[in-house]
Amino acid sequence: MERVKVSVIASVALVVTVGALAFPVWSYTDRSGTAQANMSAGMVNTQWGPLTASDRDLIVRVRLAGLWELPAAEQAMKRSSSKEVKEAADHLIVGHTDLDKRVRTVATQLGVEIPDEPNEQQKAWLQQMTAAQGKEYDRTWANLLRSAHGKILPAIGQVRNGTQNMLVRQLASDTNQTVLDHITMLEKTGQVDFDAIANGTI
Amino acid sequence: MRRSKGTVLVALAIAGTIGALAYPVFVSYPNRNATAAAALTGDTVTTQWGPLTPSDRDLIVRVRLAGLWEGPAGQQALERSSDKVMQEAANHLIVGHADLDKRVRIIAAKLGVELPNQPNAQQQGWLNEMTAASPAEYNQVWANLLRSAHGKIFPDIATVRNSTRNTLVRQLASDANQTVLDHITILEKTGAVDFQKIAEGSVSGTASPTGPPPPVAGQSPASPPAAEPSTNPDVSSSVSPGAPGVVNTTRPDPEELNDDQGQTPQVQ
């Protein structure tokens with residue numbers, strides 16, 4: 001009787017184990033279909049073509065960029081004594097004022113709700129800049145901004161390639177032009193730590 | 001005696017199982033970052049223009065390969081299509097890739113990167129596909145094969161542009177970004193691009209269903225206020241985007257050309 005009980009427990013344990021090991025294999029198989037499903041999951045039709053979750057994500061990110069980079073640039077205009085930093089700040093102000101105008105038009109046309117203030121991470125970056133003193137200021141300023149611009153550039157590229165929406169397509173093109181300009185100007189300050197950017201440690 | 005044997009066996013099996021389940025969590029996952037770091041430094045060589053990584057070299061080779069098949073593809077369309085917009089797109093491809101090819105050969109020579117002199121098998125296949133297309137389907141086949149290839153390289157160029165530590169590769173990535181965006185734009189103007197197919201081919205799991213909510217029909221969100229400078233800063237630069245559908249690719253000519261490295265793509 002005892003032996004039978006132990007055998008039953010062992011068999012059940014074995015079955016559960018095999019099941020647990022097989023489960024990820026099953027969920028991985030589903031993965032390739034998931035991306036496809038994701039695309040159509042949040043997709044709505046508009047008169048300018050389908051609008052996906054990635055499209056909306058770009059719209060929101062372009063808006064958020066303006067919301068924190070404009071104050072960041074204005075701050076540098078006042079606080080930095082470097083000509084190159086001020087010139088980069090000039091480009092940020094002109095570029096994001098322009099992009100914000102475009103993104104608000106697009107968001108209104110497509111009915112996408114966009115935020116009115118920077119997110120927590122961006123607020124923290126602004127605080128980090130505000131707290132930086134002396135020589136550290138230019139360095140902190142340029143690297144935080146260069147890092148954020150560098151992260152969004154490939155994401156813009158993906159949406160520019162994959163979107164089926166005319167308005168988002170034009171927005172992605174315009175954003176690419178502006179972001180590449182800002183990356184270039186920020187690098188001209190001579191403050192960018194390329195190792196840290198490459199290692200993703202900023 | 002038999003019972004204790006069975007118990008030992010079960011105990012061993014359980015220990016083995018727990019070990020197998022714990023292994024990835026404690027050993028392979030934490031190592032992952034190290035693996036990424038190794039990929040970055042693995043085959044990295046030092047040059048006077050900064051470190052040169054495998055991703056840098058990959059971009060250099062891909063820019064060269066692009067010229068090797070897109071030059072001939074552009075030339076073929078000039079001969080086979082009578083459509084004015086197709087001719088214009090072909091024109092942009094020929095001019096753009098001749099320029100990029102000149103730049104990439106100079107950079108490859110400086111950095112000692114070996115360049116291919118022929119399109120790869122896949123690109124050769126695309127050229128064959130275009131050549132075999134009937135007059136009725138020619139524009140469609142031509143524009144979609146080229147748009148698809150440009151769209152795939154575009155985010156990769158951006159990734160290298162962000163992370164490279166090499167000044168020559170950085171400039172090449174900027175130039176390639178502008179040329180490729182121009183080509184994507186002009187190819188789309190042909191009206192032959194199938195955006196749904198492009199979208200399906202590019203699905204890569206980046207779509208986030210938890211992202212911003214879709215708009216609700218008949219309900220428009222409150223009109224957002226402009227994000228603008230709170231002060232009145234004295235700014236003098238100009239905006240970067242061109243007129244819709246126009247990408248400005250004018251830039252200074254590269255300084256020098258080393259004829260020893262690679263051959264100019266044959267465009268006759």
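The expected span is 1.5 Å times one less than the number of residues in the helix.

## What kind of model this is

This is a predicted model, where local features need pLDDT of at least 70 and side-chain atom pairs count only at pLDDT 80 or more, while totals for chains, interfaces and linings use all residues. Residues are numbered from 1 along each chain as its sequence is written, and chains are lettered from A, with ligands numbered from 1, in the order in which they are written.

The predictor's confidence in each residue is its pLDDT, on a scale from 0 to 100. Chain A has a mean pLDDT of 90, with 90% of its residues at 70 or more. (Two residues are in contact if their C-beta atoms, placed from the backbone, lie within 7 Å.)

## Where the chains meet

Chain A brings 64 residues to the contact and chain B brings 54. On the side of chain A that touches chain B, α3(A) gives the most, with 14 residues. That side has 23 nonpolar, 26 polar and 15 charged residues. Here nonpolar means Ala, Val, Leu, Ile, Met, Phe, Trp, Tyr, Cys and Pro, charged means Asp, Glu, Lys and Arg, and the others, Gly among them, are polar.

## Over in chain B

Helix α5 of chain B (residues 138–163) has 26 residues and reaches 39 Å from its first C-alpha to its last, close to the expected 38 Å. Of those 26 residues, 19 are buried, so α5(B) is mostly covered. (Buried takes 20 or more other C-beta atoms within 10 Å of a residue's own, exposed 12 or fewer, and partly exposed is in between; C-beta atoms are placed from the backbone.)

An unreviewed UniProt entry annotates residues 55–185 of chain B as "domain: DUF4142"; such annotations may be inferred rather than shown by experiment. That span is 85% helix and 0% strand, and its end C-alpha atoms lie 26 Å apart.

T201(A) sits in the segment after α7 of chain A. With 9 other C-beta atoms within 10 Å, T201(A) counts as exposed. Its C-alpha is 9.2 Å from that of S147(A), which is 54 residues away along the chain.

Note on methods
Helix = DSSP H or I, 4+ residues; strand = E, 2+ residues; numbered from the N terminus.
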